[in-house]
Amino acid sequence: MAELKRANTPLLEIAYYEHGTPSGWPVVLAHGFPYDVHAYDAVIPHLVSAGARIIVPYTRGYGPTRFLSADTMRTGQQAALASDIISLLDALDIPEAILAGFDWGGLASCAAAALWPDRIAGLVSYAGYDIADVAAQQEPSPASLECVMWYQHLFQSERGRKCLAQDRRALCRLLWEQWSPSWQFTDETFARTAEAFDNPDFVDVVIHCYRFVHGKEAGDPALDSLERKLATRPKIVMPCITLDGTQDPLKPGGSASHAEMFEERHERRVFDVGHAFPAEAPAAFAQAIIDVNAWLVEPDAMME
């Protein structure tokens, strides 16, 4: 395992792992809920072989990442997650990088690409254009999807907060099992990730994330302007590959209807996996990143 590193941003001390050569082409791998950096363990060797410099941070509220001030709002809203990625690039003096992510990491990567297009060279996003439409979230989804999102509804109540606080491992393992029905992960694999849920801000950040997107709690006022821009549904203007998993109950139909949200070169790839795409299909996830980089190096590369 690589040495754990830390970088200070205006709000956080972000813990991260770095792999590959320092002179390689930079890529940030962003994880989601309820996962951590280990979701990318089997992706990293492919990227190292391709000459990448890989940055894998623990997002706010996970693992060793910490807020610098007790006064900072423990928000999990999308503008905060996106801002954290850009702040990390600033701290590491990386002017431009490819972003790749799933779940919260896909949302954060898409939002960062939309808000700071000059900083993002290319994008790999599980489940397509993953910026949350907060206004649309006020309307119900089909009943079958509302059932799958039971945890989001649970988190709207204080009973749900207590459930997450008191039984976080059992709850999160249940989500892994429900979202990735054919992923045969081991007890050791889950336990390694579950350590990240012991972060003192985990519950606050997770609960705020889902209450914000459901319109039950306000966001950080400092991020209002960014949220207003995201609410306009800005398009992605850099090369992008979107990935879909046909077994994922959270994303029925995948990103088949998202093509109009990508103005530059875009390709959709579909695999028979669940929600934890990089852990379930690491070679495919890595290849998407490698291919986006190839497009950037040689724009006509891999044209069909």
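At what angle do helix 2 (residues 78-91) and helix 9 (residues 224-231) pack? The first legend answers this; every view is taken from a predicted model.

**View A. Packing of helix 2 against helix 9.** The two helices, residues 78-91 and residues 224-231, pack at an angle of about 105°, and their axes are 9 Å apart. Because angles of 65 to 115 degrees count as roughly perpendicular, helix 2 is roughly perpendicular to helix 9. On the helix 2 side the contact is made by Gln78, Ala79 and Ser83, and on the helix 9 side by Leu226, Glu227 and Leu230. Sorted by class, this contact of helix 2 with helix 9 has 3 nonpolar, 2 polar and 1 charged residues.

**View B. Packing of helix 6 against helix 7.** Helix 6 (residues 158-179) packs with helix 7 (residues 187-194) at an angle of about 125°, with the axes 11 Å apart. That angle makes helix 6 oblique to helix 7. The crossing of helix 6 and helix 7 is right-handed. From helix 6, Arg169, Cys172, Arg173 and Trp176 take part, and they meet Asp187, Thr189, Phe190, Thr193 and Ala194 of helix 7. By class, the contact of helix 6 with helix 7 has 4 nonpolar, 2 polar and 3 charged residues.

**View C. The aromatic pair of Trp176 and Phe185.** The count for the model comes to 28 aromatic pairs. Among them is the pair of Trp176 and Phe185, which is edge-to-face, at 4.9 Å centre to centre and with 80° between the planes. Trp176 has 2% relative accessibility and therefore counts as buried. Phe185, at 13% relative accessibility, also counts as buried.

**View D. Asn293 and its contacts.** Asn293 is found in helix 11, which spans residues 282-297. With a relative accessible area of 14%, Asn293 is buried, because buried means under 20%. Leaving out residues up to four places away in sequence, Asn293 touches Trp25 and Ile98.

**View E. Glu3, ahead of strand 1.** Glu3 lies in the segment before strand 1 (4-8). Its relative accessibility is 61%, so Glu3 counts as exposed. When residues up to four places away in sequence are not counted, Glu3 touches Tyr16 and Tyr17. Glu3 and Tyr16 are 13 residues apart in sequence, and their C-alpha atoms are 8.8 Å apart in space.

**View F. The cis peptide bond at Pro34.** The peptide bond that runs from Phe33 to Pro34 is cis, with omega near -10°. Pro34 has its place in the loop between strand 3 (25-30) and helix 1 (44-49).

**View G. Asp93, with a positive phi.** Asp93 is not a glycine, yet its phi is positive, at about 55°. Asp93 is found in the loop between helix 2 and strand 6 (97-101). The relative accessible area of Asp93 is 67%, so this residue is exposed.

**View H. Asp103, with a positive phi.** Asp103 has a positive phi of about 55°, although it is not a glycine. The loop that holds Asp103 lies between strand 6 and helix 3 (104-115). At 10% relative accessibility, Asp103 counts as buried.

Methods. Residues are numbered from 1 along each chain as its sequence is written. This is a predicted model: local features need pLDDT of at least 70, side-chain atom pairs count only at pLDDT 80 or more; totals for chains, interfaces and linings use all residues. Side-chain values use heavy atoms; hydrogens and water are left out. Axes are lines fitted to C-alpha atoms, for helices over the stretch in contact, and angles run from 0 to 180 degrees between N-to-C directions. Helices (H or I, at least four residues) and strands (E, at least two) are DSSP runs, numbered from the N terminus. Angles under 35 degrees count as roughly parallel, over 145 as roughly antiparallel, 65 to 115 as roughly perpendicular and the rest as oblique. Contact means heavy atoms within 4.5 Å. Ala, Val, Leu, Ile, Met, Phe, Trp, Tyr, Cys and Pro count as nonpolar, Asp, Glu, Lys and Arg as charged, and the others, Gly among them, as polar. Rings of Phe, Tyr and Trp (its six-membered ring) pair if their centres lie within 6.5 Å; planes under 30 degrees apart count as stacked, over 60 as edge-to-face and the rest as tilted. Buried means under 20% relative accessible area, exposed over 50%, partly exposed in between (1.4 Å probe, protein chains only). A crossing is left-handed if the near helix is turned anticlockwise from the far one by less than a right angle, and right-handed if clockwise.
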